[in-house]
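Thank you all for coming; I would like to walk through one model this morning, moving from its surface to its sheet, its charged pairs and its backbone. Please keep the structure open on your screens while I talk.

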Amino acid sequence: MRQLIDTLRNRGELGIITRQVSGKFELAAVCQAAQRQSEMPLLFKNVEGSSHNVVTNIYGSRNRLCELIGADSGFFCKRWSELISHEPVKKTSQKNIETNIEYEQVTLLNLPQITYQERDAGPYITSGVFLANDPESGVPNLSFHRAMHVNEQELRIRLGTSHHLTKYQLAAESQNQALEVAILIGPPTPYILAAAATIPKSDSEVELAMKISQEPIPMRKCKFIDLEVPAASEFVIEGRILPNLRRPEGPFGEFKGLYIEREENHVIEVLGVTARANPYYHALLCGSPEDMRLLELSVATQIFQQLSNTLPGILDVSCVPNIMSTVVQIEQQYEGHARQVMLTVFGVNHDYSKSCIVVDDDVNINDFSDVYWACMMRASAENDISVLPGVPGFYRDPDRDHWGRLGIDATKPWNRREKFERTRVPGVDDIDLSAYLS
């Protein structure tokens, strides 16, 4: 991550904030205000009560993610599918690679204490990548989970029912054992991407990170638990998820832009915290573009793979304006093609695909204003909009607020495609406005 920050800074693509800001609401407010104007990541150099730099929104751009995974064509899902394929990882030793990285022992209270949303119960860690080994098979898992600060020895976390880490914890708990876990804040970028991926429980996200990196990732042993972590991680929290213990956690404002109320959730006993010299703390505003892009990485690719295995002409998939909305870009092959795409999408991910909009290859699927233009200019409200009632939605939905599906065929009408050609100003993509404005 440090290398990525340096690259963004050298290219003039990193907003640097030297004014002191409070970790309670103000940092999140500055982040949200900036994201309303651009995709620029931010570096806060003076967070009240902390000596550490804070970075945010570094993964909040699909173009940056394309660059990180080598998707030169711009078709993110196609490239990401290649990376997470089942081709074997080249076995390269990650150990005993010499580094000049220095560490110091710190405490949880030394970390920036950031409270994001108005009703959040307190400061939260939102970007932590959890590393744990399956108690039964030993396969390592990487995943994102929020963690509420309680004191120097305790964090409280929420484990979703479908997460592999939840299954690991239940397996350990069935033996009345704690589950050792390392929380990585600011790990190498391949670990962030691998943690956001959806792969089978029997596969290793650590091996996926190695594949993404395409070069060895130096590792080091933890001090208090039997795990190895990337040596370049900015912060590492070592701890144990305690068995048969739940304590109040929340409220917390999550990715849907709504609050999850206070619940009895899991407890982590913190055994130690390590920081690099002059570390960067990664703060992630839930529900922000950075959160959506990392969630999209998993959901969109899962849908793309199923569509590509089933139907022709699939170009790319995105989730805009948020993870509950799927947009599919196709090269039309026949009449009714878009409707088949919609039905397939609804069968892939039962949690997130509340709506599906299908567009042609001349529509920017990462810009919802362009997608909605296609809905208004190419979709007939009478003939091209489908509603599927009675279909269960998001897994945590007792009141059925997300039941049903909405499909919109926003492609050019098959037999009249020539009448729906978009206007185009030649040369607009090559214009450098700085050469014209004084």
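Ile431 lies in the segment after β22 (405-409), where helices (H or I, at least four residues) and strands (E, at least two) are DSSP runs, numbered from the N terminus. This is a predicted model, in which local features need pLDDT of at least 70 and side-chain atom pairs count only at pLDDT 80 or more, while totals for chains, interfaces and linings use all residues. Residues are numbered from 1 along each chain as its sequence is written, and side-chain values use heavy atoms, with hydrogens and water left out.

Ile431 is partly exposed, with a relative accessible area of 43%; on this scale buried means under 20% relative accessible area, exposed over 50%, and partly exposed in between, with a 1.4 Å probe and protein chains only. Together with Leu433, Tyr436 and Leu437, Ile431 makes a nonpolar surface patch of about 480 Å². Patches are made of residues with over 30% relative accessible area and no salt bridge, like charges being joined within 9 Å and nonpolar side chains (Val, Leu, Ile, Met, Phe, Trp, Tyr) within 5 Å. The areas themselves come from the Shrake-Rupley method with a 1.4 Å probe, and for residues only the protein chains shown count as cover.

Let me turn to the sheet. Four strands form an open sheet with mixed pairing, in the order β1-β2-β3-β17, where two strands pair if DSSP finds at least two bridges between them. Because β1 (15-17) and β17 (280-282) stand at the edges, each with a single partner strand, one side of each is left without a neighbour in the sheet. From one strand to the next the twist averages 25 degrees; axes here are lines fitted to C-alpha atoms, for helices over the stretch in contact, and angles run from 0 to 180 degrees between N-to-C directions. Strands β2 (residues 42-44) and β3 (residues 53-56) run antiparallel and are joined by three bridges, and within this part of the sheet Phe44 stands opposite Val54 in β3. Helix α2 (residues 26-35) packs on the sheet and touches β1, β2 and β3, its direction making about 160 degrees with that of β2, with contact taken as heavy atoms within 4.5 Å.

Next come the charged pairs. Side chains of opposite charge can pair when their charged atoms come close. If a salt bridge is a side-chain nitrogen of Lys or Arg within 4 Å of a carboxyl oxygen of Asp or Glu, how many salt bridges does the count come to? By this rule the count comes to 22.

One of these joins Asp316 to Arg62, with the closest N and O atoms 3.1 Å apart. Asp316 lies in strand β18 (residues 314-318) and Arg62 in helix α3 (residues 62-69), so the pair ties together parts that are 254 residues apart in sequence. Asp316 is buried at a relative accessible area of 2%, and Arg62 also counts as buried, at 5% relative accessibility. Both residues belong to a network of salt bridges that links Arg62, Arg293, Glu296 and Asp316.

A salt bridge also forms between the side chains of Glu263 and Arg158 (3.4 Å, N to O). This pair links distant parts of the chain, 105 residues apart, with Glu263 in strand β16 (residues 263-276) and Arg158 in the loop between β9 (154-157) and α5 (164-174). Glu263 is partly exposed, with a relative accessible area of 28%, whereas Arg158 is buried, with 13%.

Finally, the backbone. Most residues other than glycine have a negative phi, and most peptide bonds are trans. Here, the peptide bond from Gly250 to Pro251 is cis, with omega near 5 degrees, and Pro251 sits in the loop between β13 (235-249) and β14 (252-253). The peptide bond from Val320 to Pro321 is cis as well, with omega near 0 degrees, and Pro321 is placed in the loop between β18 and β19 (325-330).

Where is Gln214 found? Gln214 is in the loop between α7 (205-213) and β11 (219-221); its phi is near 60 degrees, a positive value in a residue other than glycine, and Gln214 is exposed, with a relative accessible area of 61%. Asn244, which has its place in strand β13, has a positive phi near 55 degrees and counts as exposed at 54% relative accessibility.
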